[in-house]
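Please keep the sequence and the 3D view side by side while reading.

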Amino acid sequence: MSVQIFNTPEVQDFLRLASGLDQSGGNPRVKQIVHRILSDLYKTIEDLKVTSDEYWAGIAYLNRLGASGEAGLLSPGLGFDRYLDMRMDAEDAALGISDATPRTIEGPLYVAGAPVEHGYARLDDGSDKDGHTLIMHGTVRGADGKPLPGAQVEVWHANTKGFYSHYDPTGEQKPFNMRRTIITDAQGRYKFQSIVPKGYGCPPDGPTQGLLNELGRHGNRPAHIHFFVTAEGHRKLTTQINIDGDPLVFDDFAYATREGLVPPLVEHADQASIQAEGLDGPFAEIVFDISLTALVNGVDNQVVNRPRLAA
């Protein structure tokens, strides 16, 4: 039997009661959001005839998700992170802001407090014996198109097993391996040496991959490198580049790939190039210039405050 009770006064009054809308205390914004979420979920239960068994299976899933600490992984997998970026893109379009390096998702694996270097940094500690040397460099420019000396370029990426320092289940990586903050030089340039990273997949037995399996989706990311870029008078840029040639560049479960964020990866095996970089063997090179945007009425309207690991 199918019943329809959502729009009855009894249920609507109950929603207000459960959301605290009839109470003087509490946070009005939280009440507003909870009322909307509860209303949408109640309506979903009615419209899709969600059974009690299905509901409690969902509760068990949320408990497992929280216990695993994978909520920050499921979020991009379900497109929430990308949707928030789409909204910021639309806000920029309405403000007439364009011609900047595209933003894309932060991901869940940033760690604050990376060592600070000026102009140039060595990101990896040489311990990953499967690593192929990478030289990456570029110029940070401001809203006027001019180079920005003193800009702060935070960069982090995974090793050849797809693991990040501070989150490596093998325990092999030292703190802040493949994580640095680089201050651009007088010409607005940054440069670093590291290794070409590999992509990673969701833990195969975890709740994120479990849900993706139900959706018929994989949980893999292409190799990529993350950036936070900040400079006085400009908005913070959160972005990442994908490694050109990775088979998953345009099939990222986290939906982070964007036009302009897959710069060419160029291999160098000639002695002149090797010697010019002071290396002892072939290496890959990526050139990635970054363009920032000015504050909006003196405010950085794209800073995202969220819980982050600090070490």
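F228 is buried, with a relative accessible area of 1%. Buried means under 20% relative accessible area, exposed over 50%, and partly exposed in between (1.4 Å probe, protein chains only). The model is predicted: local features need pLDDT of at least 70, side-chain atom pairs count only at pLDDT 80 or more, and totals for chains, interfaces and linings use all residues. Residues are numbered from 1 along each chain as its sequence is written, and side-chain values use heavy atoms, with hydrogens and water left out.

**Aromatic pairs**

Rings of Phe, Tyr and Trp (its six-membered ring) pair if their centres lie within 6.5 Å; planes under 30 degrees apart count as stacked, over 60 as edge-to-face and the rest as tilted. The count comes to 8 aromatic pairs. Two are tabulated here.

| Pair | Centre distance | Plane angle | Class |
|---|---|---|---|
| Y55 and W56 | 5.0 Å | 80° | edge-to-face |
| W156 and F228 | 5.0 Å | 70° | edge-to-face |

W156 lies in strand β5 (residues 152–157) and F228 in strand β8 (residues 224–230), so their pair ties together parts 72 residues apart in sequence. Strands (E, at least two residues) and helices (H or I, at least four) are DSSP runs, numbered from the N terminus. W156 is buried, at 2% relative accessible area. Y55 is partly exposed at 39%, and W56 is exposed at 56%.

**Nonpolar cores**

A nonpolar core is a set of buried Ala, Val, Leu, Ile, Met, Phe, Trp, Tyr and Cys residues joined through side-chain atoms within 4.5 Å. The largest has 27 residues; M136, V140, Y190, F192, F227 and F288 have the most contacts inside it. Apart from it lies another core, of 14 residues, among them Y110, W156, C202 and F228. Y190, F192, F227 and F288 also form one aromatic cluster.

**The largest pocket**

About 900 Å³ of space lies in the largest pocket. A pocket is an open set of points on a 1 Å grid over the protein atoms alone, where a 1.4 Å probe fits, with protein on both sides within 12 Å along at least five of seven lines; lining residues have an atom within 4 Å of a point. Grid points are joined across faces, edges and corners, and the volume is the space filled by probe spheres set on them. The lining has 19 residues, with I37, L41, T44, Y55 and L62 nearest the centre. α2 gives the most, with 10 residues.
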